[in-house]
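I opened this protein to look up how its parts pack. My entries follow the display.

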Amino acid sequence: ELTAGRPDVRLQVKDISAIFDPILCSLILDNAISNAFKHGHPETPNVEMAIENIYQEAGSGLYQEQGPMRLRFLITNRVNPARPKITPDYINNVLTGKASPSGSITSDHIGLQHSFLAAETQGMKISLTQHGDQVVFEAQMDVEVVSFSLDNDQQPDEAFGFPDNLNIYCIDDSASARRLLQ
């Protein structure tokens, strides 16, 4: 779903099912893809997304059908020659709020700051680097690979084994919810 409405993104993704936080992961990766188009080369951004098993790519042969796996999410794009070079100092300044304004009305650096905070919460290691004319956003995280298939009459919650007596409660203390209770 990250590439929905973005036909120009080239994908290199393996077909696996893994357990991780889809909300935080989507926030991080969606922001990286958006930034690749927004800040990349204005005519030919050449945005690509790949998801790799780090251990398998390293030749250790540790790919398995189930169990722990370390995934690498890579989003690359061509550099916009009019933008400043991405250096460790530049990234540090953005993350600490010391970066000078970008001059763009569509960028206030908050997306990159949110991505790094979300990654920390998720236990991800992320980086944004520039190598020649390529910008590379990389995120690494440990996931649990699962293997399942649903029978025609089986519900999705049965596939993950949620107990019958599971109750989830949510307290909404927003101003609008409090007004409804008055």
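Entry 1, terms and ground rules. I count a contact when heavy atoms lie within 4.5 Å. This is a predicted model, and I read local features only at pLDDT of at least 70, side-chain atom pairs only at pLDDT 80 or more, and totals for chains, interfaces and linings over all residues. Residues are numbered from 1 along each chain as its sequence is written, and side-chain values use heavy atoms, with hydrogens and water left out.

I looked up S115 in helix α4. I take helices (H or I, at least four residues) and strands (E, at least two) as DSSP runs, numbered from the N terminus. Not counting residues up to four places away in sequence, S115 touches L27, I28, N31 and I126. Is S115 buried or exposed? S115 counts as buried, because its relative accessibility is 0%. My cut-offs are under 20% relative accessible area for buried, over 50% for exposed, and partly exposed in between (1.4 Å probe, protein chains only).

I find 6 helices and 6 strands. Along the sequence they run β-β-α-β-α-β-α-α-β-β-α-α. The protein has 182 residues, and 34% of them count as buried. Among contacts with a separation of 6 or more, 69% join residues 24 or more positions apart. The accessible surface is about 12100 Å² (Shrake-Rupley, 1.4 Å probe). Carbon and sulfur atoms hold 51% of that surface.

Two packed helices are described by the angle between their axes and the distance between the axes. I looked up both values for helix α1 (residues 22-39) and helix α4 (residues 110-122). Their axes come within 9 Å and cross at roughly 145°. Axes here are lines fitted to C-alpha atoms over the stretch in contact, and angles run from 0 to 180 degrees between N-to-C directions. From α1, the residues L24, L27, I28 and N31 take part. They meet G111, L112, H114, S115, A118, A119, T121 and Q122 of α4. I sorted this contact by residue class: 6 nonpolar, 6 polar and no charged. Nonpolar covers Ala, Val, Leu, Ile, Met, Phe, Trp, Tyr, Cys and Pro; charged covers Asp, Glu, Lys and Arg; the others, Gly among them, are polar.

Q122 counts as buried because its relative accessible area is 18%. Beyond its neighbours within four places in sequence, Q122 is in contact with F20, D21, L24 and M141.

A36 is in helix α1. I count A36 as buried, since its relative accessible area is 3%. Leaving aside neighbours within four places, A36 is in contact with P45, V47, I75 and N77. A36 and N77 are 41 residues apart in sequence, yet 5.8 Å apart in space, C-alpha to C-alpha. N46 lies in the loop between α1 and β3 (48-53). N46 is not a glycine, but its phi is positive, about 45°. At a relative accessible area of 34%, N46 is partly exposed.

Which residues of strand β5 (residues 125-131) are on its covered face? They are I126, L128 and Q130. The uncovered face has K125, S127, T129 and H131. In a regular strand the side chains alternate between the two faces of the sheet. β5 pairs with strand β6 (residues 134-146) in the antiparallel sense over 7 bridges; pairing takes at least two DSSP bridges. S127 has E138 in β6 as its bridge partner. The two strands, β5 and β6, form a hairpin with 2 residues between them. In that turn, G132 has a positive phi of about 65°.
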